[in-house]
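Here is a short report on a pocket, a surface patch and charged pairs. Keep the sequence and the 3D view at hand while reading.

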Amino acid sequence: MIELEVRGDERGSLIALEAATGVPFAIERVYYIFGTREGVVRGLHAHHALTQWAVCVAGACTVLLDDGRERTDVRLDRPDLALQIGPMVWHEMRDFEPGTVLMVLADGPYDEADYIRDQAEFERLVSETR
Ligand code: T46
């Protein structure tokens with residue numbers, strides 16, 4: 001988890017995400033997830049190579065992270081927190097509050113070939129790296 005620097009004054013707050021404020025990769029893509037229905041679980045995959053930062057800019061959701069050794073739940077409920085999701089980390093997003101907007105910065109383009117959507121395949125691949 002990365003705590004983001006908030007720039008604010010009496011009008012409100014602003015957060016800028018760029019190399020100068022600590023994003024450790026060149027941002028190639030930004031996407032955001034919104035309108036997620038109650039009870040829905042998203043994600044359910046790992047990436048071979050992609051690194052991402054996820055920021056819940058509005059609302060809240062829980063992200064399960066599994067690197068093949070440890071499974072951890074992280075609650076994203078502040079717009080000044082970024083969660084780094086690196087390669088070979090199985091992730092699932094759930095418990096979305098109504099109105100949640102999850103913004104994701106990625107270091108690569110959308111590429112379905114980079115996804116591992118089969119959990120057994122993910123477990124086989126991470127066990128090979130141990
Ligand atoms: C991730 C988590 C955090 C595109 O056309 N371009 C894109 O850049 C993305 C991300 C998705 N899509 C298409 C592919 C599907 O037809 O949008 C649809 C929904 O994508 P997906 O089911 O993969 O969405 P999530 O919420 O399960 O996962 C997303 C990202 O895909 C994934 O990389 O790490 O958010």
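How many salt bridges does the count come to? The count comes to 11 salt bridges, a salt bridge being a side-chain nitrogen of Lys or Arg within 4 Å of a carboxyl oxygen of Asp or Glu.

This is a predicted model, in which local features need pLDDT of at least 70 and side-chain atom pairs count only at pLDDT 80 or more, while totals for chains, interfaces and linings use all residues. Residues are numbered from 1 along each chain as its sequence is written, and side-chain values use heavy atoms, with hydrogens and water left out.

**Salt bridges**

| Pair | Closest N and O atoms |
|---|---|
| D80 and R78 | 2.9 Å |
| E121 and R124 | 3.2 Å |
| R124 and E128 | 2.8 Å |

Start with D80. It counts as buried because its relative accessibility is 17%. Buried means under 20% relative accessible area, exposed means over 50%, and partly exposed lies in between (1.4 Å probe, protein chains only). A network of salt bridges links E3, R78 and D80.

Now move to helix α1, residues 119–128. Helices (H or I, at least four residues) and strands (E, at least two) are DSSP runs, numbered from the N terminus. E121 and R124 both lie in α1, 3 residues apart, about one turn of the helix. R124 also pairs with E128. Those two are 4 residues apart in α1, so about one helical turn separates R124 and E128. E121 is partly exposed at 31%. R124 is partly exposed at 40%. E128 is exposed at 53%.

**The largest pocket**

The largest pocket has a volume of about 260 Å³. A pocket is an open set of points on a 1 Å grid over the protein atoms alone, where a 1.4 Å probe fits, with protein on both sides within 12 Å along at least five of seven lines; lining residues have an atom within 4 Å of a point. The volume is the space filled by probe spheres set on the points, which are joined across faces, edges and corners. There are 16 lining residues, and the closest to the pocket centre are Y31, I33, G43, H45 and M93. Strands β4 (29–34), β5 (42–47), β6 (52–58), β10 (90–94) and β11 (101–106) each give two or more residues to the lining. β5 gives the most, with 4 residues.

By type, the lining holds 9 nonpolar, 5 polar and 2 charged residues. Ala, Val, Leu, Ile, Met, Phe, Trp, Tyr, Cys and Pro count as nonpolar, Asp, Glu, Lys and Arg as charged, and the others, Gly among them, as polar.

**A nonpolar surface patch**

I27, V30, Y32 and F34 make a nonpolar surface patch of about 420 Å². Its residues have over 30% relative accessible area and no salt bridge, and such nonpolar side chains are joined within 5 Å. Areas come from the Shrake-Rupley method with a 1.4 Å probe. Y32 sits in strand β4. Y32 counts as exposed, at 54% relative accessibility.

**C61**

Is C61 buried or exposed? C61 is buried, with a relative accessible area of 0%. C61 lies in strand β7, residues 61–66. C61 and D77 are 16 residues apart in sequence and 6.6 Å apart in space, C-alpha to C-alpha.

Conventions:
Patches are made of residues with over 30% relative accessible area and no salt bridge: like charges are joined within 9 Å, nonpolar side chains (Val, Leu, Ile, Met, Phe, Trp, Tyr) within 5 Å.
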